[in-house]
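Have a viewer open and follow along, topic by topic.

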Amino acid sequence: MSHIDKRALSGLKVVEFAHVIAGPLAGTLLADLGADIVHVEDPGRGDPQRNAGPAKDGVHLWWKVAARNKRSVTLNLRTEEGRDLARKLAVWADVVICNFRVETLEKWELDFTSLNKINPKLIMLQVTGFGNSSSKRNSPGFGKVGEAMSGVVNITGFPDGPPVHTGFSHGDSVTGLMGAYAILAAAYRKNNDPDFQGEWIDLALYDGLFRLVEWQVIFYDQLGENPTRAGNQLAAAPAAVINTYMTKDGRWITVTSGTPRSVQNVATLVGEPLEDYATPAMQVQHRERLDELVRQWIKAHTLDECVAEMDRLEVVASPIYTVEDILKDETYRERENVIEIEDPDLGPVRMQNVFPRLTNHTGKVWRTAPSLGEHNDSFYAEDLGISPDGIAELRAAGTI
């Protein structure tokens, strides 16, 4: 009996004419759940992300995670031969992901209108800085610009300080997540609509974060107020207590409350009379006093003492985790959130497991990132049916 691949997206064929973070992350998320991702790279340079971030013994680490579970083929899209081959990939694929400039795709006849003619049911995710329908459709865009445009940076930081970007590629990453979600929505439509005529997903780098801060527009629209930076307390926090505090032994802990009962638990922790926190209005009235009392109490206790007493009183709190803390944490261990996998360059390496977790159709990390063009021979021969002589000619011409 043949083995049946039960990963949720097994059989979904995706070609990535995309590089760096946003587009390829959408592909990686699909690959983790079983999709067949063919990452197309320039024959000479490869994806610039291959050389991003810290390296160990000349081996760049970020790439090992960013391109996991994918196949790498090389293809020179600046030649007519390369673009002809790219169109064959688009015919093979269910999904194309791209992040070239709009005018470049149109010039190369690799835009959705062109590819939809040769693959009428193609799903195409096109990531740009400002969106195809914008007058800035051909302007270069980066994740930080998307973050700034989304409104997120304006509300991040402390009231007396500057706006703050988060400490990772926030805009790019959320765009990748939103892109994967949109692809799956289109794939559902394709599988349930006999008249499906393809789908073009036009995603700008600010779209995802702008959507996730779902209250900012209606607040301004109805109240005439710009949400502003409020530190760890958030501009629209429903809680009387939400902040980070330093312990006696120099660690950081976050404390939060989202219900009247949880606020009273915090009041009990610091010896406040519960009758002063009986209603939401009273809790808001005493918010600053309670925050200062919590700060003083935590400063007088070690992290372990804080965690033990807060657990006893059902105060919702958590240490601020470093990566070292994450790798030691019991919950992370129980959930198998971190895996170890063998890498041909580095040996065993640890990285995040597959998220989200599907119980019956689970994903899997089956390999770290491929070397540049590692799958040229196998993919072009087995999936596109090009003969060994044909592959040799493509290689000799610099097309792959």
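Strand E2, residues 36-41, is mostly covered, with five of its six residues buried. This is a predicted model, so treat what follows as a reading of computed coordinates. E2 pairs with E1 and also with E5, and that's a handy place to start looking around.

**Strand E2 and its partners**

- E1 (residues 13-17) runs parallel to E2, and four bridges join the two.
- If you want a landmark in that pairing, take Val 15, whose bridge partner in E2 is Val 38.

- Lys 70 is part of strand E5.
- Is Lys 70 buried or exposed? It counts as buried because its relative accessible area is 1%, and the cut-off for buried is under 20%.
- A polar atom of the Lys 70 side chain sits 2.8 Å from the backbone oxygen of Pro 24.
- Skipping neighbours within four places in sequence, Lys 70 is in contact with residues including Glu 16, Pro 24, Gly 27, Thr 28, Ile 37 and His 39.

**Nonpolar cores**

- As background, nonpolar side chains in soluble globular proteins tend to be buried together.
- The largest nonpolar core here has 31 residues, and Val 14, Leu 30, Ile 97 and Leu 125 have the most contacts inside it.
- The elements giving two or more residues to this core are H1, E6 (95-98), E7 (123-128), H7 (170-192), E8 (199-204), E12 (338-343) and E13 (347-352).
- Which element gives this core its largest share? That's H7, with five residues.
- Apart from this core lies another one, of 29 residues, with Val 38, Ala 86, Cys 98 and Met 124 among them.
- Val 14 touches Leu 30, Ala 35, Asp 36, Ile 37, Val 38, Trp 92, Val 95 and Ile 97, leaving out residues up to four places away in sequence.

**Cysteines**

- How many disulfides does the structure hold? The count is zero.
- Cys 98 is buried, at a relative accessible area of 1%.
- Cys 306 is buried as well, with 0% relative accessibility.

**Asp 249 and its loop**

- Asp 249 is in the loop between strand E9 (242-246) and strand E10 (252-256).
- At 44% relative accessibility, Asp 249 counts as partly exposed, because that class runs between the 20% and 50% cut-offs.
- A polar atom of the Asp 249 side chain lies 3.0 Å from the backbone nitrogen of Leu 303.
- Setting aside neighbours within four places in sequence, Asp 249 is in contact with His 301, Thr 302 and Leu 303.
- Asp 249 and Ile 298 are 49 residues apart in sequence, while their C-alpha atoms are 9.9 Å apart in space.

- The peptide bond from Phe 355 to Pro 356 is cis, with omega near -5°.
- Pro 356 belongs to the loop between E13 and helix H16 (376-383).
- Glu 109 isn't a glycine, yet it has a positive phi of about 55°.
- Look for Glu 109 in the loop between helix H4 (102-108) and helix H5 (112-118), where it is partly exposed at 48% relative accessibility.
- Glu 314 isn't a glycine either, and its phi is positive at about 60°.
- Glu 314 is in the loop between helix H13 (303-313) and strand E11 (317-319), and at 54% relative accessibility it counts as exposed.

**Whole-protein numbers**

- The protein has 17 helices and 13 strands.
- Its C-alpha trace spans about 85 × 50 × 45 Å along the principal axes.
- Of its 400 residues, 45% count as buried.
- Among contacts with a separation of 6 or more, 67% come from residues 24 or more positions apart.

Conventions
Residues numbered from 1 in each chain as written. Predicted model: local features only at pLDDT ≥ 70, side-chain atom pairs only at ≥ 80, totals over all residues. Heavy atoms only, no water. Buried < 20%, exposed > 50% of the residue type's maximum accessible area, 1.4 Å probe, protein only. Contact = heavy atoms within 4.5 Å. Polar contact = N/O pair within 3.5 Å; in protein donor to acceptor, adjacent residues only side chain to side chain. Pairing = 2+ DSSP bridges. Core = buried A, V, L, I, M, F, W, Y, C linked by side-chain atoms within 4.5 Å. Disulfide = S-S within 2.5 Å.
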